[in-house]
Amino acid sequence: MRSFLPIPEQHPFPIQNLPYGIFSTPEKEPRVGVAIGDFVLDLAELEAANLLPGSDARSSSETSEVRCSRSGVFARRDLNAFIAQGEDNWREVRAALLYLLDEQTLALRSNDQLRRRALIPAQEVRLHLPVSIGDYTDFYSSKSHAANVGRIFRGENTALLPNWVYLPVAYHGRASSIVLSGTAIRRPCGQIKRATEAEPHFEASRELDFELEVGYFIGAENSLGVPVPIKGADQHLFGMVLVNDWSARDIQRWEYVPLGPFSAKNFGTSISPWVVTLAALGPFRTTAPVQDPAPLSYLRSDARTAYDIRLEVQLQTASMPAPAVVSRTNFKELYWTIGQQVAHHTVTGCNLRIGDLLASGTISGPGPAAYGSMLELTSGGKEPLRLPNGEKRCFLEDGDTVIFTGYAQGDNYRVGFGEVRGTILPAYTGG
Ligand code: MN
């Protein structure tokens with residue numbers, strides 16, 4: 001399948017992808033768009049031109065009170081109303097977009113006026129957070145990452161705590177500080193107690209770090225009190241983004257016992273702007289690693305679905321001319337699957353809502369070239385990374401920029417995520 005727009009083979013946004021986002025232009029307020037090549041397709045314009053499927057919209061979610069007709073779901077500042085319409089509607093809209101963008105069809109291609117209104121060069125738009133996020137949960141589902149962090153924080157003997165192989169560990173994060181790619185991140189201050197000190201002191205974090213993660217937006221709700229069964233649990237998702245769970249390791253080391261991370265991670269979480277749908281990722285389903293011991297029955301499923309998504313971390317310091325790759329890994333490495341995360345999250349009856357964000361936890365592969373955080377890449381700050389221009393880094397310094405990219409590789413095309421990036425600002429000093 002090809003679009004009438006010229007799109008190179010390595011471009012993240014070919015016709016096979018069609019990720020959703022929110023964009024604005026100088027003359028018009030935020031609305032829903034789809035990234036296609038170097039353009040953004042304005043769905044509010046297509047909707048107004050009656051080129052998207054009829055307005056017989058029904059919500060697939062029994063609990064959702066959002067029951068908008070389709071006219072109106074795209075002239076909005078977030079994707080929530082569209083997501084709430086459910087899987088059948090997502091499929092129909094995707095089919096309509098595939099039809100309109102296909103090189104064989106003329107409805108959009110030969111309508112010069114509409115094309116000029118609806119296809120906007122990507123460099124002319126401003127992107128916004130794609131979803132109004134009610135709640136955010138961050139898992140800890142990469143076995144390599146959990147073992148590496150445990151070794152650094154607690155030593156070899158208690159690297160992996162006993163519960164880790166029985167349940168997908170997570171913490172509840174902050175939705176309020178989730179920011180779009182490109183937003184600068186201010187170095188946090190907090191309580192820090194170094195190994196050589198008897199008592200904590202207050203200062204700016206010296207161990208600021210990134211965490212390479214993938215996040216997923218909930219697309220179907222469950223009622224409070226009603227768990228989502230493991231079978232089909234991953235059908236509760238709408239789509240995915242790249243996530244950087246910025247972390248202050250020195251603050252984390254002192255505060256995390258016994259309730260887990262708190263202020264070490266509540267100062268900023270960055271996400272990529274384009275939501276890649278499960279429909280686009282379907283061809284890249286694969287099988288997750290075998291689990292030993294076998295999990296309890298509510299977490300057991302024959303379909304251990306993983307997604308083959310290649311991930312890369314680049315770091316650019318203020319004095320480097322171009323970013324350097326510091327890690328490459330793959331989303332399919334996760335020990336706990338998305339389905340198991342959803343089943344565990346809801347087994348108590350906890351309700352997930354449209355637009356909630358779940359994230360995978362740092363994705364580290366088996367070797368040092370595949371570690372998803374500075375903590376691991378530098379063995380807890382003991383072995384600095386050597387960058388191509390001769391600089392060294394144990395953790396992030398002011399002015400450093402971290403860039404994550406990711407894509408699934410198809411036959412002569414890529415389903416890409418674009419990027420999530422953030423630059424570190426000096427700590428707040430008042431005024
Ligand atoms: Mn994390």
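This is a predicted model: local features need pLDDT of at least 70, side-chain atom pairs count only at pLDDT 80 or more; totals for chains, interfaces and linings use all residues.
Q: Which residues coordinate the manganese ion?
A: Donors are N, O and S atoms within 2.8 Å of the metal (3.2 Å for Na, K and Ca); water is not among the atoms, so sites may look incomplete. Here the manganese ion is coordinated by Asp138 (OD), Glu211 (OE), Glu213 (OE) and Asp245 (OD), at 2.1 to 2.2 Å. Their spacing in sequence is D-x72-E-x1-E-x31-D.

Q: Are Glu211 and Asp245 buried or exposed?
A: Buried means under 20% relative accessible area, exposed over 50%, and partly exposed in between (1.4 Å probe, protein chains only). Both Glu211 and Asp245 are buried.

Q: What is the volume of the largest pocket?
A: Rolling a probe the size of a water molecule over the atoms shows where empty space is left. On a 1 Å grid over the protein atoms alone, a pocket is an open set of points where a 1.4 Å probe fits, with protein on both sides within 12 Å along at least five of seven lines; lining residues have an atom within 4 Å of a point. A volume is the space filled by probe spheres set on the points. The largest pocket has about 600 Å³ and is lined by 30 residues, with Tyr140, Val169, Tyr256, Gly260 and Pro261 nearest its centre.

Technical notes. Residues are numbered from 1 along each chain as its sequence is written. Side-chain values use heavy atoms; hydrogens and water are left out.
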